[in-house]
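Please look over the sequence and the model before reading on.

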Amino acid sequence: MNHLLFELVLRSAERQPGASSLSFHDRTLDYGGLASLMERFAARMMELKLERADRVAVYLPKQPEAVVAMFGAARAGCAFVPVNPLLRPEQVGHILRDCNVRVLITSLERADTIAATLAQCSDLHHIVLTPPSAVAESEPALDLRSGMAVHRWDEIINGSSSAAHHRV
């Protein structure tokens with residue numbers, strides 16, 4: 001029987017929703033919570049009008065948001081592209097361009113370090129900035145090309161991304 005990657009989370013959430021799925025620092029996420037975050041992330045990706053097999057790059061260290069983004073992208077029918085957080089900006093840019101990435105999930109600090117190369121990624125239309133340093137109430141200081149939308153992680157997860165984002 002063939003199964004899709006995200007179905008592993010859904011099946012575990014059905015069997016044991018309270019069982020621990022992820023631990024990160026002082027935070028533990030159970031399978032029910034992981035499945036819920038994954039489903040909400042996937043729904044927001046679909047609202048962004050992504051098509052089947054569009055690429056969603058995850059340029060983060062090992063943290064819960066990376067797991068949610070990868071499983072959620074798969075749930076939305078997209079292909080996730082894990083980008084090693086140790087790569088140099090030009091290497092990251094090459095991967096983003098070569099894979100025709102449409103959405104990039106990263107932190108503000110990482111986005112700032114690769115901002116020059118992001119402007120050269122013509123297929124990239126959305127950047128999602130994760131906490132803890134995701135954009136507060138102010139607009140992002142990223143210098144991006146026109147037409148690129150910047151979203152906050154909490155807006156994506158809480159369902160307010162369709163109305164509340166900053167388009168450069």
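## The model and its confidence

This is a predicted model, in which local features need pLDDT of at least 70 and side-chain atom pairs count only at pLDDT 80 or more, while totals for chains, interfaces and linings use all residues. Residues are numbered from 1 along each chain as its sequence is written, and side-chain values use heavy atoms, with hydrogens and water left out.

The average pLDDT of the chain (pLDDT is the predictor's confidence in each residue, from 0 to 100) is 87, and 85% of the residues score at least 70. Over residues 134-139 the pLDDT stays under 50, and the model has seven contacts for this stretch beyond four places in sequence, where a contact means heavy atoms within 4.5 Å. Residues 161-168 also have a pLDDT below 50, and this stretch has 26 contacts in the model beyond near neighbours in sequence.

## The cavity

A cavity is a set of points, on a 1 Å grid over the protein atoms alone, where a 1.4 Å probe fits but cannot get out, and its lining residues have an atom within 4 Å of a point. Grid points are joined across faces, edges and corners, and a volume is the space filled by probe spheres set on the points. The structure holds one cavity of 30 Å³ or more, and about 30 Å³ of space lies in the largest cavity.

Which residues line the largest cavity? They are Leu96, Arg97, Asn100, Val101, Cys121, Ser122, Asp123 and Leu124.

## The cysteines

The structure holds zero disulfides, a disulfide being a pair of cysteine sulfur atoms within 2.5 Å. Cysteine 121, one of the lining residues, is buried at 2% relative accessibility, whereas cysteine 99 is partly exposed at 22%; buried means under 20% relative accessible area, exposed over 50%, and partly exposed in between (1.4 Å probe, protein chains only).

Threonine 117 lies in helix H6, residues 115-118, and is buried at 9% relative accessibility. Leaving aside residues up to four places away in sequence, threonine 117 touches Pro89, Gly93 and Arg97. Helices (H or I, at least four residues) and strands (E, at least two) are DSSP runs, numbered from the N terminus.

Histidine 25, in the loop between strand S1 (20-24) and strand S2 (27-30), has a positive phi near 55° although the residue is not glycine, and is exposed at 72%. Lysine 49, in the loop between helix H2 (31-47) and strand S3 (55-59), has a positive phi near 65° and is exposed at 64%.

Key
On a 1 Å grid over the protein atoms alone, a cavity is a set of points where a 1.4 Å probe fits but cannot get out, and a pocket is an open set with protein on both sides within 12 Å along at least five of seven lines; lining residues have an atom within 4 Å of a point.
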